[in-house]
Structure formats: structure tokens, C-alpha cells
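Here are a few exercises to work through with the model open beside you. Try each task before you read the solution.

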Amino acid sequence: MEQANLGVWDWDLRTGACVYSDTWFRMLGYEPGDFPRGGDLWITLMHPDDREKTIDKGERHLRGETPFIEAEMRLRHKAGHWVWVLDRGGVVERDAAGAPLRVVGVQTDISGQKASEAALHDIKERFGLALAASRTGIWYFDIATRKSFWDTHTHVIMGLPPQEGAVPSDTWLGFLHPEDRDEAVATHADLSLFDHGDRRMRYRILRPDGEVRHLETLARFSSDPKPHGSIVGTVRDITEEVLAAEALRNEEKRLRVTLASISDGVVSTDRKDRITFANPAAAEMLGLAPEALLGQRSEELFARPGTVGDLPGFDAAAAGLMVLPGRHERGILVRCTTNPITRADGSVSGFVHTLLDVTSEQKKQRELAYAAEHDALTGLYNRSAFEEILQARVASAGETPFALLYIDLDHFKALNDYAGHAAGDRALVMIAQLIVGSVPAGSVAARLGGDEFAAIVDCGDEGDAERLAESVLAAIGSADLGSNASYRRLGASVGTIVVADEGLHAPDVIAHADDACYAAKAAGRNRLVVHSQTGERQASRLTAARLVGDIADAKEDGRLRLYGQEIRSLADPDAPGEKIEILARLVDRQGHFVPPATFIPAAERFGRAAALDRWIIAKLLRDHGHVLRPGGLTVGVNLSAQTLSDPRLWEYVHGLLEETGALPERVVFEITETAAVTNFEAADRFVRQARSHGCRISLDDFGAGLSSFDYLRRFPVDSLKINGSFVENLPTSRFDRQIVSSISRVARGLGYDVIAERIENEETVGILQGMHVQFGQGYLFHKPEPIECLVQRRLALLEAPAPHQAAGG
């Protein structure tokens with residue numbers, strides 16, 4: 001190893017420790033003691049662009065997909081430059097089951113080789129530019145001397161390095177395809193063939209790399225030099241032309257058999273609706289042999305009654321579909337598309353009916369509709385569907401009273417932590433079944449999220465509600481969680497409220513039941529509390545439900561306020577920015593600020609985030625839309641997952657823009673990866689609608705999720721906001737600097753603006769400027785303040801006279 005200058009690494013998969021040879025450290029300019037020896041030292045020193053593919057090659061070998069590891073990568077030299085190394089290695093020890101235990105490898109410095117490759121690449125590029133203007137090679141053959149001369153492009157066509165000059169006389173023969181050699185040689189040797197002018201010939205060659213190319217030669221005999229003369233010719237690569245002609249012939253063949261092989265049914269009829277052609281797929285859908293269909297009327301065959309066993313109760317006619325017998329008379333749903341067959345004079349000679357089997361599609365739509373309303377784990381209603389049902393029941397509570405049971409499992413987190421999430425999921429499924437079994441038939445049960453459940457049950461008074469809640473408690477207490485749990489029983493806290501009139505709203509009902517549930521937990525858990533609408537509230541804590549109710553009041557009495565924080569250009573960070581991010585601030589009835597981290601999650605929990613976002617957008621545009629114009633402000637508005645899931649969101653925003661006259665290009669919608677992935681289709685639809693009308697889109701908290709870069713491909717955005725967790729420690733974290741630098745480089749390459757959040761010191765500003773990050777936001781520049789103050793300052797700046805006007809006035 002010393003003589004060969006090889007670096008060796010030895011990785012013990014059992015402990016994760018990796019030992020590196022002294023020569024490995026010296027290859028990179030380090031001494032063995034410069035680093036603590038660890039398994040991931042090579043990853044720390046590796047160039048970010050090489051990291052993913054190198055790790056992937058190692059993992060593929062460990063999975064047995066490759067016989068050995070071989071990868072080229074760049075490692076950071078102590079002097080600061082990058083060293084190219086070739087890494088070769090493999091598993092050298094396995095356990096009795098064949099699983100790898102130890103991996104050993106050797107790394108070789110190949111920097112010189114890579115430099116040579118780069119130089120050769122530059123030469124090839126220059127020759128490529130020169131040859132781009134000419135696709136024809138020129139050659140010359142002296143019959144007397146048997147010498148051949150090829151120009152540069154002829155060499156290239158033959159797959160040789162680009163050069164010009166004499167070549168051995170048998171060089172051309174060596175390239176000829178074995179199947180074409182005899183004819184090509186005879187043609188060139190028979191000079192009598194040239195008596196009638198030029199000689200054109202096509203043949204194949206085998207390039208040195210084994211590739212077969214088709215060439216066309218145009219040759220002409222010349223009597224000079226005397227006495228034997230010479231042959232001058234051109235050569236042209238016609239591979240693409242030959243392949244295109246062959247592809248056209250194959251396409252013609254495919255077209256002849258396509259109708260017989262496609263899965264869609266195709267039926268052709270004449271003007272009298274008599275079937276003249278039916279492919280096998282159509283015959284299968286109609287339950288008859290193709291020859292049995294000829295001459296029959298398609299209208300009669302398509303109108304035969306039938307049912308689809310997999311979709312009981314489905315109304316095919318209402319969906320614009322028809323039922324056909326299908327294979328083995330099972331019945332299938334079919335969508336039929338009809339197009340006329342027109343002659344050159346425009347008259348119709350018949351029709352083509354295309355039949356598409358949509359049975360699976362309709363079944364999937366039913367399943368999706370079910371999934372949209374039900375919890376995937378327990379099969380109970382989900383929160384959204386439950387709240388809709390509850391709203392309808394509240395509206396008719398005067399005629400049919402009911403009770404809402406709010407059920408929160410006790411100590412469920414301990415079960416999850418001890419027995420694992422799989423055991424926790426099994427317990428949730430069991431609890432869901434027990435709840436359904438312990439309430440009367442016709443009740444509505446739901447899983448609201450996590451370990452919280454709810455049920456709507458018919459009852460007349462608080463006594464009935466209490467008895468039903470006790471039944472639920474007893475059922476949950478009887479659940480046997482099995483031997484995997486630390487204890488085999490679970491308890492629950494239950495809050496219930498009886499609704500006998502129409503004076504409440506659904507959120508109020510949930511809030512009261514939630515308060516009662518909290519009171520049950522505060523009283524010792526595993527018990528129930530019935531909320532009395534006339535008595536005092538059992539719990540004094542400001543629950544999330546109360547907080548959501550207070551948000552609604554705060555909108556009316558001015559306690560919900562809009563603030564803004566400037567986003568400044570890092571090219572001139574001292575200058576006030578025209579871009580601001582809109583922030584919501586809530587003041588409670590005692591005059592204290594409620595942190596956004598408290599009231600925003602509460603709004604999301606109770607499904608009020610969309611209403612909050614709509615209020616913010618409307619308040620912003622109606623009060624301050626006049627300043628959203630050139631020279632004014634550009635505002636960024638955050639959208640929650642619930643808001644993005646609203647299919648009518650853009651319709652609402654567009655109406656406000658038209659109403660207030662605010663310029664769409666002055667509005668930026670900030671969307672987090674988490675919000676986008678919650679309902680990608682709805683988010684994608686809104687993004688495209690907003691951008692098509694001039695609004696801009698910013699991907700917020702970029703880098704925090706696992707799929708951040710993937711969303712750059714899927715979303716048409718205008719800017720990225722780098723997650724503040726990567727920015728705040730830039731001066732001290734090399735890892736964060738690499739992440740932010742990579743994000744900036746990718747974003748600039750794609751033409752996006754980059755905004756860094758949470759800037760709190762001047763050193764961070766300098767680092768970001770060096771990474772070419774254009775904009776920044778943070779307490780160093782500006783602390784959030786009421787938007788009215790920002791608007792007033794901007795308007796004053798707009799209305800201030802120009803310097804020469806002030807002097808002249």
C-alpha cells in the first residue's frame with residue numbers, strides 16, 4: 001500500500017465502525033490523527049454531487065444486486081481542493097444466513113486520469129463544432145499506389161478519431177459488415193461500372209465500438225494520374241434514414257394488427273348501423289364471436305339490459321355509461337365514443353364506435369369516495385365527514401335530540417411507546433369496533449384523529465347520555481390488548497353533551513364536549529363528564545376549541561390583526577423592502593398576545609384554518625389593496641393544507657382581486673411542502689390557476705421535507721424560502737452551509753428567486769451574499785409590526801416629491 005499509494009478502508013457492519021489505513025489519510029493530505037475515526041468520515045469529505053450515487057452503489061452491493069463496489073468520487077484534500085479517487089471493494093465476511101458483516105475496499109487517486117479525460121473532452125467538443133457544418137466525408141483512392149486518403153469527417157463517420165491523411169489500403173475493408181463485404185469490394189474493383197458516370201452504393205460498416213452504421217458512397221473514376229487513374233468519392237452516414245424507412249415499414253405492419261390487438265373495443269358500422277368490423281376486444285365485451293357480430297345492428301347490441309356484480313346499485317345510464325355482457329356474462333361498464341367515417345366529399349359512410357371498459361375505474365371511484373369520508377385504519381367516519389353529519393344533526397336537533405360523546409383514550413401514548421405502533425393500530429381498530437358495538441344502531445361513530453373518537457347517538461336527556469357514555473367506557477375497559485402490551489387494559493375519558501334545540505353550531509357542540517372530556521381527564525381519567533348548557537363550565541383551561549371560538553369573535557372586535565415582516569434584498573439589506581410576509585396576530589380578551597403556534601394549530605384541528613386564511617386574504621385586499629401596485633408593496637400570504645384543499649379557493653381569491661383592484665402580480669401565495677402533499681391535486685390546480693392570472697407562488701420552508709426537490713419538478717413556482725433551521729446556524733454549521741449553497745445553486749439554475757428566513761446576525765448575511773441568495777428575512781432587518789404602519793411608510797415614500805421638484809418648489 002505504501003509503494004502503490006493506495007488507501008484502504010475496512011467497515012464493520014455490526015458496529016458501524018470503519019477503519020482507514022494511514023495511506024488513505026496521506027492520499028488526502030491528512031495525518032491519521034487529524035480526524036476521529038468513524039464510519040461516515042468519507043461521506044463528510046465527499047463532494048455533495050457525488051454523495052447520492054456513491055451511497056446508492058454501496059447499498060446495491062450490500063443488497064446483493066452487484067458483485068462488487070466500484071465508484072468514482074471526489075474527496076476534499078486538506079489543502080482545500082478536490083481529489084478524484086476510484087473506490088473498489090466488496091463484502092468479505094457474511095453471517096450464516098448470508099447477510100454481509102464486513103466490507104473492505106481500496107481507494108486510488110485518479111486525479112491525473114480525470115484531468116486527461118477532461119482535456120480530451122474539450123478537444124472532442126472543438127472538433128464537434130467544426131464538423132457540425134458538414135455531414136459528408138470525402139475520400140480519394142490512387143489505383144497505382146493503392147493508397148487511400150480520408151478527410152476528417154470520413155474518419156468520424158467510420159468511428160475513428162478526427163484526423164486527416166493517408167490510411168492503409170485495407171482499412172476500409174476492415175470496416176465492412178461481413179454480409180456486405182463481397183458486393184462492396186466487387187463494385188469498387190470493377191472499373192467498368194464507372195463507364196456510365198457516377199457509381200452509388202449502400203453498405204454497412206462495423207465501427208470499432210461494435211456499432212453498425214449504414215453508409216452511402218458516391219464514387220467517380222478519374223483517368224488521372226496516368227496511366228491507372230484514381231477514384232474520388234464521398235461518404236455519408238444514412239443510418240437515420242435507413243432506420244426511419246424501416247420504422248415506417250414496421251409501423252405499417254403494426255397498424256394492420258393494432259385493431260386486432262388493442263384492449264379497447266372497436267366496432268365499425270355502415271350507414272344503416274350494420275356492423276362491418278369488430279376487433280376481438282369488442283367481441284369479448286359483447287359476449288359474441290367476431291364473425292357472429294357482422295351484419296347485426298350495433299344499437300340493438302348496445303341496448304341489451306345487464307348488471308355489474310362488483311358495483312351493486314350503480315346507475316349506468318345516469319353516469320352516461322352502458323352495461324355490456326362481457327366475458328362469461330359477468331357484466332361490465334363501458335364508455336362508448338362514436339365518430340363518423342367521412343368520405344372525401346364530406347358525406348358519412350358509417351361510424352366507428354370505441355368501447356372502453358371502465359368497470360375498474362368506477363369501482364376505484366367508489367373506493368375513493370368511501371376513503372374521502374372514512375378513516376383508513378378503523379373504517380369509521382373521519383373528522384371532515386363527521387363534522388358535516390354533526391352540522392346536519394344540529395340543524396334538526398329540535399325534532400330529533402341527540403348526544404355527542406367525545407372519547408379520548410387514556411395513556412394510549414404509553415402503549416404505543418412500549419408495544420410499538422403496530423400494536424397501537426391494532427388497539428385503535430379494536431376500540432373502534434367496541435365503540436360501534438356499545439352504541440345503539442343508527443349511531444354515527446368517527447375517529448377524529450390520533451386516539452380521539454366521537455359518536456352521535458339518539459337520546460332525550462342527560463341521563464340517557466350518561467348511560468350511553470358508561471356503556472362506551474365499559475366496552476373500552478374490557479378490551480384485551482394481548483400479551484404484547486405492558487398492561488392489557490385501556491381506559492378513556494368521555495365528555496358528552498345533549499343537544500335538544502337548534503341554538504348551537506357544530507363547532508360549539510364539539511367544543512363543549514371537548515371541555516367535558518378535558519374535565520374528565522382532570523378529574524382522574526377513565527370516567528365521564530356530562531356538559532350542562534345551563535351550568536358552569538367544568539374545565540377552566542382555554543382549550544383549543546375555546547380558542548377557535550375566540551378567533552371568530554376576535555375577527556369582529558378587532559383582536560385578530562394583520563402584521564407584516566419585510567423581506568429585504570441582500571444586495572442592499574439596509575434599504576426597506578417592498579416585499580412583506582403577512583402574519584396573523586391574536587389578542588385575547590385580557591389584552592395578551594396569543595402565540596401563532598397556539599391558535600393556528602387550534603384552527604387546523606377544528607377545521608377552521610381555511611376560514612382563517614380566507615379572512616386574512618379578504619382583510620388584506622379590502623383594506624390595503626390600493627397599495628398593491630407598482631412601486632407599492634408585494635405581499636406574501638401563507639396557505640394552510642385545509643385552504644389548499646378547497647376546490648373553490650381560486651374562485652374566491654379571483655373575486656376579491658377584481659373587487660379590490662389589487663394587482664395579482666403583487667400577491668405571492670406561500671405554500672409549504674406539507675400543505676401541498678396533503679391534497680396534491682387540489683394544490684396543483686390552485687397553483688396553476690393563480691399563476692395563469694399573474695399571482696406568484698413561493699415554496700415555503702424549503703428543505704425541511706424529504707421531497708422538497710421533487711416538488712420543484714411538480715409545482716410551477718417563482719421563488720423558494722429556505723427553511724430557517726438551515727439559516728440560523730450558517731456561521732457555525734458546515735452542513736447547513738452546504739445545504740443552503742446547494743439550494744441556492746439549484747434555484748438560480750432554474751430561474752427562481754431565493755429567500756433565506758431567520759437571519760439574525762451580520763455574519764449570516766455575508767455568507768448568504770457569497771452564496772448568491774437574493775433576499776433575506778429576519779429580526780436583524782425588521783421585526784413584525786402592524787401592516788398599517790408598513791402601508792403608511794410605503795405610501796409616504798410614493799407620495800414624496802422627487803428631489804428636483806422639492807428644490808424647485
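**Exercise 1.** Work out how the axes of helix α14 and helix α15 cross, and which residues make the contact.

Solution. Start with the axes: α14 (residues 412–419) and α15 (residues 421–438) come within 6 Å and cross at roughly 140°. Helices here are DSSP runs of H or I with at least four residues, strands are runs of E with at least two, and both are numbered from the N terminus. Axes are lines fitted to C-alpha atoms, for helices over the stretch in contact, with angles from 0 to 180 degrees between N-to-C directions. The two helices are therefore oblique to each other (under 35 degrees is roughly parallel, over 145 roughly antiparallel, 65 to 115 roughly perpendicular, the rest oblique).

Next, the contact (heavy atoms within 4.5 Å): α14 brings Phe412, Leu415, Asn416 and Ala419, while α15 brings His421, Ala423, Gly424, Ala427 and Leu428. Sort them and you get six nonpolar, three polar and no charged (Ala, Val, Leu, Ile, Met, Phe, Trp, Tyr, Cys and Pro are nonpolar; Asp, Glu, Lys and Arg charged; the others, Gly among them, polar).

A word on the ground rules: this is a predicted model, where local features need pLDDT of at least 70 and side-chain atom pairs pLDDT 80 or more, while totals for chains, interfaces and linings use all residues. Residues are numbered from 1 along each chain as its sequence is written, and side-chain values use heavy atoms, leaving out hydrogens and water.

**Exercise 2.** Find the salt bridge between Glu216 and Arg200, and say which parts the pair ties together.

Solution. First, the side chains of Glu216 and Arg200 meet at 3.4 Å, N to O (a salt bridge is a side-chain nitrogen of Lys or Arg within 4 Å of a carboxyl oxygen of Asp or Glu). Glu216 sits in strand β10 (residues 212–222) and Arg200 in strand β9 (residues 199–206), so the pair ties together parts 16 residues apart in sequence. Then check burial: Glu216 is buried at 8% relative accessible area (buried is under 20%, exposed over 50%, partly exposed in between, with a 1.4 Å probe and protein chains only). Finally, zoom out: Arg200, Arg202, Glu216, Arg236 and Glu241 are linked in a salt-bridge network.

**Exercise 3.** Is each partner in the salt bridge of Arg793 and Glu785 buried or partly exposed?

Solution. The side chains of Arg793 and Glu785 meet at 2.6 Å, N to O. Arg793 counts as partly exposed at 41% relative accessibility, whereas Glu785, at 17%, counts as buried.
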